[in-house]
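Reader: I'd like to learn how to read packing in a structure. Can we go through one together?
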Amino acid sequence: MSRPLRFGYKVSAEQFSPSDLLDFTVAAEQFGFDTAAISDHFQPWRHTGGHAPFSLAWLGAAGQATSRIALGTSVLTPTFRYHPAIVAQAMGTLGSLFPGRIWLGVGTGESMNEAPLDIEWPDTKERFARLKEAVTVIQTLLRDDRVTYDGTYYRTRNATIYDRPSTPVPIYIAAAGASAARLAGRVADGLICTSGKGMELYAETLLPAVTEGARAAGRDPSELELTIEMKVSFDSDLERARDDTRHWAALALSPDEKTGVEDAVEMERLADALPIERAASRWIASSDPDEHVERIRPYIDLGFTHLIFHAPGPDQRRFLEQYSREVLPRLRALMPQTTEV
C-alpha cells in the first residue's frame, strides 16, 4: 500500500446539533482518530429530533477547535443548492485557514435536499453530467486565475478565487456505480463509498472502475485515496448496539422504497415501520471487537485506505472512547502505517 491507512469519524449532521458535533469532533481528535467527515444535508433523514447544520460553516469552526485532525465533507452536492464556483471559494478559504487538513467530498445528491427549495430533480444522466462539470469548475478555479468556463450547466466569466491554499484541496467523488467510480479515477484525488452493500460491489465494480479510469487518464491508481464510510454500531452491551441502529433505519430502505420521498416526516414514517433486524442490517452491530475487525478487514484487504466510522447511537462520546480503545488498535496492528495527515 502506497498510502497510509487512516481512520475517520463520521460527523452525523442529520442527528446532532452543530455544537454537539463540534464537541464530538474534538473528542475524536483526542481519542486518536485521523479525520472527521461531515455530511451536508438541507433536510435530515428524520423530522423528530433531526438536525441539518450548514457543513461549510461548521468546518470553519471545527478547524479552529482542533489542531491535527483532517476535515472534509462526505458528501456535499455542488450542483444545485450551491454553484460550484461558490464551493471552490469555500474550499479555498478553508484550505487557506487550515492547510493540509481540508478535503472536499462530492456526489450527485439526493432529492430530499433539493426539492424543498423547489428545485426540479433531474434524471441520473443529468445529475452525473452536472457533477462532472462541477468538479471541472472547482478544480480549475482552485488552480487558475480569471477562469472563463462555458458548460452546459455552469458558466464563469474571468472568475478568480483570490484566497486559496498553496497545497490543493483534495477532491473525492462519491460512487455507488461504475460510472462515478471511473470519473473518480480519471479526474479526482480519490473515491468515497459506503459499506454494507455486498462485497461484490466493491471488488467487482467500484474499485476496478477506479483503476480503469485512472489508467485511462495516465494516472497511477495507487496514488488515489480509497475512502469508505463504515457503518458500525459497537458497544459492550450487544442489545444497545443493535437498538442504536433504529435512528438510522432509513438507510435500510431500498431505492424503490425511498424514490420520490422528499419529506423528512414521510422518510421517518417509512423507517420506523421497519423491524429492528432490517434496521440493523446495514451495520456491523456487535459487542465483540474481534468481530468488528474481522468484518472490516476485507475492506482493507481490497485496498481501502481511509475508513470513516459512522456510529448510530445517541452517546457518541461513549462510542469514540470504546472504539478507540477496543477496535482501532486491533485495526492499526493489521499493517504498518502512519497517522500523519
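Reader: Which residues does phenylalanine 309 touch, not counting residues up to four places away in sequence?

Author: This is a predicted model, where local features need pLDDT of at least 70, side-chain atom pairs count only at pLDDT 80 or more, and totals for chains, interfaces and linings use all residues. Residues are numbered from 1 along each chain as its sequence is written, and side-chain values use heavy atoms, with hydrogens and water left out. Contact means heavy atoms within 4.5 Å. On that count phenylalanine 309 touches Phe7, Gly8, Tyr9, Lys10, Phe33, Met230, Val232, Ile296, Phe319, Tyr323, Leu328 and Leu331.

Reader: Which members of the largest nonpolar core touch the most other members?

Author: In soluble globular proteins, nonpolar side chains tend to be buried together. A nonpolar core here is a set of buried Ala, Val, Leu, Ile, Met, Phe, Trp, Tyr and Cys residues joined through side-chain atoms within 4.5 Å; buried means under 20% relative accessible area, exposed over 50%, partly exposed in between (1.4 Å probe, protein chains only). The largest has 82 residues, and Leu191, Ile296, Phe304, Leu307 and Phe309 touch the most other members. Another core, of 15 residues, lies apart from it and includes Ala249 and Met267.

Reader: Is glycine 151 buried or exposed?

Author: Glycine 151 has 13% relative accessibility, so it counts as buried. Its C-alpha atom is separated by 42 Å from that of alanine 279, 128 residues apart along the chain.
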